[in-house]
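Visitor: Good morning. Could you take me through this structure, one topic at a time?

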Amino acid sequence: MAAQTLFDKIWETHVVRAEPDGTTLLYIDRQLVHEVTSPQAFEGLKLSGRRPRRPGATLAVPDHNVPTTDRTLGIADPLSAKQIQTLEENCRDFGITLFGMNDIRQGVVHVIGPEQGFTLPGTTIVCGDSHTSTHGAFGALAFGIGTSEVEHVLATQCLVQKRPKTMEIRVDGVLSSLCSAKDVILAIIGKIGTAGGTGYVIEYTGSAIRALSMEGRMTLCNMSIEGGARAGMVAPDENTIAYVKGRPLAPKGELFEQAVQDWRQLKTDANATYDTTVTMRAEDIAPQVSWGTSPGMVTGIDQRVPDPRTIFDENQRQATARALEYMGLIPNMPMTDIAIDKVFIGSCTNARIEDLRLAASLAKGKHVAKTVHAMVVPGSGLVKQQAEQEGLDRLFKEAGFEWREAGCSMCLAMNADVLQPGERCASTSNRNFEGRQGAGGRTHLVSPAMAVAAAVEGHFVDIRTWK
Amino acid sequence: MQAFTTLTGLVAPLDRVNVDTDQIIPKQFLKTIKRTGLREGLFYDWRKQKNGSQDPEFFLNQPRFQGATILLTRDNFGCGSSREHAPWALLDQGFRCIIASSFADIFYNNCFQNGMLPIVLKADEVLAMMQDVLATPGYQLTVDLGNQTVTAPDGACSRFEIDPFRKDCLYRGLDAIGLTLQHETTIASYEARRKTEAPWLFTDLR
């Protein structure tokens, strides 16, 4: 048999049927559902009289609209409340498991999938959410879909797909101290651009990737979509198997052992080729800060804000000038001179326990600057509980951070957590689009470590030399 | 789904690259549980000036582009969030065809699910059309899905590529789920085989 990539292996075990032109009916093992992109899918099922093919292959959770403050008070916004109520009704009507707003297991959909062991190596996973790429950290083929396709998967457990191309992104070497998976993925997007991965599935390889924890790999794969790729993946290894073992929804006993035998085969063969390969050195990656209104508009903390006058390409020059105007930044100013108003530590990119442990350890004994409002939103109820057992909440609160309930929160500001016009935020989330965190709000994407340092100092600092 | 065969319509220009779905329809409009009525949120922030009033310069606010059915734009249109509300909002505004030099993958897929045709043309063709649209009041294009062509008022004809399966579904207005369900026995036999190969994938919830 011809040498295969990790992607090839997963794709081929999921082909239900392939047409001569390559159009493929692909089997979907798992679907995650949240309140924003599902109501119209369930409505479609009702209108056509269809039922979910395998309701037990779908897990639902409200995350985008949920309040991160005291939930016993209910949801103030009637539209948000209605959307969450609709999800509850649909899950009841169609027999789908739901972790409701007051369930300790509730959280951001891409945090709870792995946490529960719902996310497994070698599977196909979809969700009506572009950050479904997160689950690729386990060596799964996981990608975001639209609402019509959510309905399609509910009704058929399949999707019609054309085989994507494969891109290897190889990062070798050792990251410098306090540089993280977030800095790696921001640097990658800075290099390939926000459309560089369009049409591709990325496999991240190399010693620097191998050295990342499972949570780091989730951060990495999470932002594949910001580089244009619907899916990114890391081949499973012993870390992956150890992470999955014992999780509530993971296979148990003999079934687990059988699964592990299969998962150990999930790696790219030595002679397999990718359609394209990009290489980077970990040592070259400085802590990253985005300066513009697209995730590709990013640079190292030791650099300066770009000057549009020095950009040759007309499109890029215009886009840069427009972004700097929106962001209220002056060309050539050092990145460390950018002062901030808000800090958001959270989101499906960076709200897992390791993120919070690192952030809390850096916040310990320090205090948020007087000019800054900072909040920490754990990725799930269980992450929050774990953090509280470890006393991380106390460290955050003593340092002047607000400690909130789990949800998507200010990553996209669908709930009450919103930037005011002109406010500038250091955010551990994934998108810095205009108005993403609130109309007129200005977002700088950073790692959790960089966010803590910025909160304390009131402006960005180089975490490598901060004390 | 509404079939798409040919369309002759007024063209509206959005001369920007990397237009993300957060701009096409901001988050506050995603709280709906319906597919319709989303035009209110289309390019909501870009339609307004800093003081909150409507920006007369923005293309959707210009009288000359009212009633446009074809949107002409640039690279990487529809990047970011997977929200299908983006094509729903464009459709609700009257756009059935979007011509760009490239699209983000998820948005491109989502168009086909809604009887909309996304067309990729070469960057220089898009640029030339953009100039013509701005210079020519009432500028119309004719899109012919069967022949895979876009024809300008002067008769200049550009050919576009499209996946044959997608073309057929759109041209005939086929129900995608209905098509897949025709393969029900194939899906069932796949599941039966996989249950023996990978039984851990079939320990369903509940």
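Guide: Let us begin with a term: two residues are in contact if their C-beta atoms, placed from the backbone, lie within 7 Å. In chain B, taking contacts with a separation of 6 or more, 69% are between residues 24 or more positions apart. Please keep in mind that this is a predicted model.

Visitor: And what is the corresponding percentage for chain A?

Guide: In chain A, 77% of the contacts between residues at least 6 apart in sequence join residues at least 24 apart.

Visitor: Staying with chain B, how many helices and strands does it have?

Guide: Chain B contains seven helices and seven strands. Along the sequence they follow the pattern β-α-β-α-β-α-β-α-β-β-β-α-α-α. The C-alpha trace of chain B spans about 65 × 45 × 25 Å along its principal axes, and 42% of its 206 residues are buried.

Visitor: What does chain A look like in those terms?

Guide: Chain A has 15 helices and 19 strands. Its C-alpha trace spans about 55 × 55 × 45 Å along the principal axes. Of the 467 residues in chain A, 60% are buried.

Visitor: How does the radius of gyration of chain A fit a compact globule?

Guide: It agrees: a compact globule of 467 residues would have a radius of gyration near 23 Å, and chain A has 21 Å.

Visitor: Let me switch to helix packing. How is a pair of packed helices described?

Guide: Two packed helices are described by the angle between their axes and the distance between the axes. In chain A, helix H6 (residues 181-192) and helix H8 (residues 214-222) pack at an angle of about 25°, and their axes are 8 Å apart. Angles under 35 degrees count as roughly parallel, so H6(A) is roughly parallel to H8(A). The crossing of H6(A) past H8(A) is right-handed.

Visitor: Which residues meet there?

Guide: From H6(A) come Ala181(A), Lys182(A), Val184(A) and Ile185(A), which meet Gly216(A), Arg217(A), Thr219(A) and Leu220(A) of H8(A). The residues of this contact divide into four nonpolar, two polar and two charged.

Visitor: Is H8(A) mostly covered or mostly open?

Guide: H8(A) is mostly covered, with eight of its nine residues buried. Those buried residues include Glu215(A), Met218(A), Cys221(A) and Asn222(A). The cover over the buried residues of H8(A) includes helix H4 (109-116), H6, S10, strand S11 (231-233) and H12 of chain A.

Visitor: What can you tell me about H12(A)?

Guide: Helix H12 of chain A covers residues 353-363, and its buried residues include Ile353(A), Asp355(A), Leu356(A) and Leu362(A). Just after H12(A), Gly365(A) has a positive phi of about 75°.

Visitor: Which residues other than glycine have a positive phi?

Guide: Most residues other than glycine have a negative phi. In chain B, Asn76(B) has a positive phi of about 60° although it is not a glycine. Gln148(B), also not a glycine, has a positive phi of about 55°.

Visitor: Where are those two found?

Guide: Asn76(B) is in the loop between strand S2 (70-73) and helix H2 (85-93) of chain B. Gln148(B) is in the loop between strand S5 (140-144) and strand S6 (149-151) of chain B.

Visitor: Does Asn76(B) count as buried or exposed?

Guide: Asn76(B) counts as buried because it has 25 C-beta neighbours inside 10 Å. Gln148(B) has 14 such neighbours inside 10 Å and therefore counts as partly exposed.

Conventions
Residues numbered from 1 in each chain as written. Chains lettered and ligands numbered in written order. Predicted model: local features only at pLDDT ≥ 70, side-chain atom pairs only at ≥ 80, totals over all residues. Helix = DSSP H or I, 4+ residues; strand = E, 2+ residues; numbered from the N terminus. Buried ≥ 20, exposed ≤ 12 C-beta atoms within 10 Å, placed from the backbone. Axes fitted to C-alpha atoms, helices over the stretch in contact; angles between N-to-C directions. Parallel < 35°, antiparallel > 145°, perpendicular 65-115°, else oblique. Left-handed = near helix turned anticlockwise from the far one by under 90°. Nonpolar A, V, L, I, M, F, W, Y, C, P; charged D, E, K, R; others polar. Rg over C-alpha atoms; globule rule 2.2 N^0.38 Å.
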